[in-house]
Amino acid sequence: MSFSLAEREDTIIALATPQGVGAIAVIRLSGKDAIKICNEVFFGKNLEKQDSHTIHFGTIRDGERVIDEVLVSLFVAPKSFTKENVVEISTHGSSYIINQVIRLFVKKGVRLAKPGEFTQRAFLNGQFDLAQAEAVADLIHADSEASHSAALNQMRGGFSSEIQELRAQLIHFASMIELELDFTEEDVEFASRDDLRVLVEKLLSVVEELILSFDLGNVIKNGVPTVIAGKPNAGKSTLLNALLNEEKAIVSEIAGTTRDFIEDEINIGGVIFRFIDTAGLRETTDTIEAIGVTRTQEKMKTASLILYLFDLSDTDLVEINRDINKLENLGVPFLKVANKTDKAKENIINELKIKHPDTIFISAGQKENLEGLKARILELVNLDKFKTGNTVVTNVRHYDSLARTRESLLDVLNGLDQEVTNDFLAMDIRRSLHYLGEITGEITTDDLLANIFSKFCIGK
C-alpha cells in the first residue's frame, strides 16, 4: 500500500471508533477541504467561520433528509493530528447512521481512508517522526501498564531524541571528514582521529545498550511466554486455573490428563504473562501422551521463563535434584516451585529450604502463597531498568536498524585501526547515519512506509 502525491491532496474519511453498535460513533475527515465539505451537509453554524478546537451541535442532512443530530469538532490546520483541516463528527452509534453519513461524504468527493493514512499524513506533514508514528499503533494495542508506558514514552519522543542526538554528533564528524576530502592536496585535518574514536566508542556503548534493551522491550510489548512444567500430577493444571481464577484446564488425579499445551494470559504487576500448561514429563508408551511430552520439551526450550513444579506429596530430594540439574542445562530462567505443601511431610520441606533456599512453596489447590509466586515471577522479569525511565526498544525494525548501525560503527573503528583513507572512513560513517536515519524516518522509502502503515487500523 502506497499513497501517490495526488492521493495526499484528497480529503479522506473513516470511522475512528470500533465497528459495531454503540452509544456514539466518531467519523473523522482530514484534508484541505474537510471543513468546507462538511459545512455543505451540516445544518447549524457556518463551520468555515468557526475557530479551531470548537464543538458545534447541528444536523447532518442529505438534501432535505435529516440523517442524524451530531456534534462536530473542528481542528483547523495546522493545529490538528494530521496538520491538515480535521473534522470529527460524533453521531449516534447505529451502523445504519454511520454508513449513511460516510456514503454522503463519498458522494461529495471524499475518499475512504486506507489503513494508517491519518497517521501517515501526520508523519509526512512533520507532526512527528516515524518512530513516534509507530508508537501510535503500539499505544492503541497496549494491553498492560508496561506496554502502555513504553509506547507513550516513544510517542512523546523519548526514543527519537536519543537517536537524533547520536546522529547529530556523527553528522558533525562526517561533515569534517567530507571537508578534508576537498583539501586532500593540502593535507589539512579538520577532524581529529582520536576524537572520532572517542565519539564512535561512546556511540557504540549507547547503541549496544539499546540493542540489549530489546529483550525487555519484547517482553513488555508481547508478554512473557511462561511454561508450567513438571511431572504428571504435580499440579500444573491446578496452578494455571488458580492463577487465572477459572477452570481453564481439566484437573484429574489420572496421570497424563493433559496431552497438549493449554495457553492463556494474565496481567501480573502491569506485565502480561502468557502461561502455558504442558503435558507431564515422564517416560510413556502412550503414543499421544508421548507427543505431548515432546511438545512440552520444545516449549521449555523456547520459553522466557519456566515454572517447574515438584509434587511434595510424592517425591524426594534425589529426584528433585536430578530435575533441577536438567533444568540448569536448558539455559532458560526457571523457578523451583514446590507444590502441595498442605500434603507434604515436614522433613522434605526443611531439606528443600536448606538445599534450595530459592524454592517457592505453594499449594495450588488451596491457593496458598500464589501472591508470593507472582512476586518472584516479576523479580525474574526485572523491569527495574524500564521503571527508571530508560529508553527501551520494543520494535523489531528499530532493533534491526540498531544492529546494522553497530556493524557500521565497528567498521569505522576498524578503519581507524587500519588507518584507511578518508573516503573509506566517510563511507562507513554515512552507512551508520543511514541506518540511524531509518529509525526516525530521515531516511525512508515508499515501500517501508507502506509496510509500516498498512498494519494500522483504518481511522488512525
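Analyst: Just after H15, Glu419 takes a positive phi of about 55°. H15 itself covers residues 396-418; helices here are DSSP runs of H or I with at least four residues, and strands are runs of E with at least two, numbered from the N terminus. This is a predicted model, where local features need pLDDT of at least 70, side-chain atom pairs count only at pLDDT 80 or more, and totals for chains, interfaces and linings use all residues. Residues are numbered from 1 along each chain as its sequence is written, and side-chain values use heavy atoms, with hydrogens and water left out.

Back to the helix: H15 has 23 residues and spans 33 Å from first C-alpha to last, close to the 33 Å expected at 1.5 Å a residue (that is, 1.5 Å times one less than the number of residues). At its start, a side-chain oxygen of Asn395 comes to within 2.7 Å of the backbone nitrogen of Arg397. That Arg397 is also buried, meaning under 20% relative accessible area, with exposed over 50% and partly exposed in between (1.4 Å probe, protein chains only). Other buried residues of H15 include His398, Leu402, Leu409, Val412 and Leu416.

How far can you trust the model? The protein chain has a mean pLDDT of 80, with 81% of its residues at 70 or more; pLDDT is the predictor's confidence in each residue, from 0 to 100. Confidence is lowest in helix H14 (residues 384-387), at a mean of 52, and highest in helix H2 (residues 34-41), at 97.

Terms used. A polar contact is a pair of N or O atoms within 3.5 Å; within protein, one must be able to donate a hydrogen and the other to accept it, and residues adjacent in sequence count only if both atoms are side-chain atoms.
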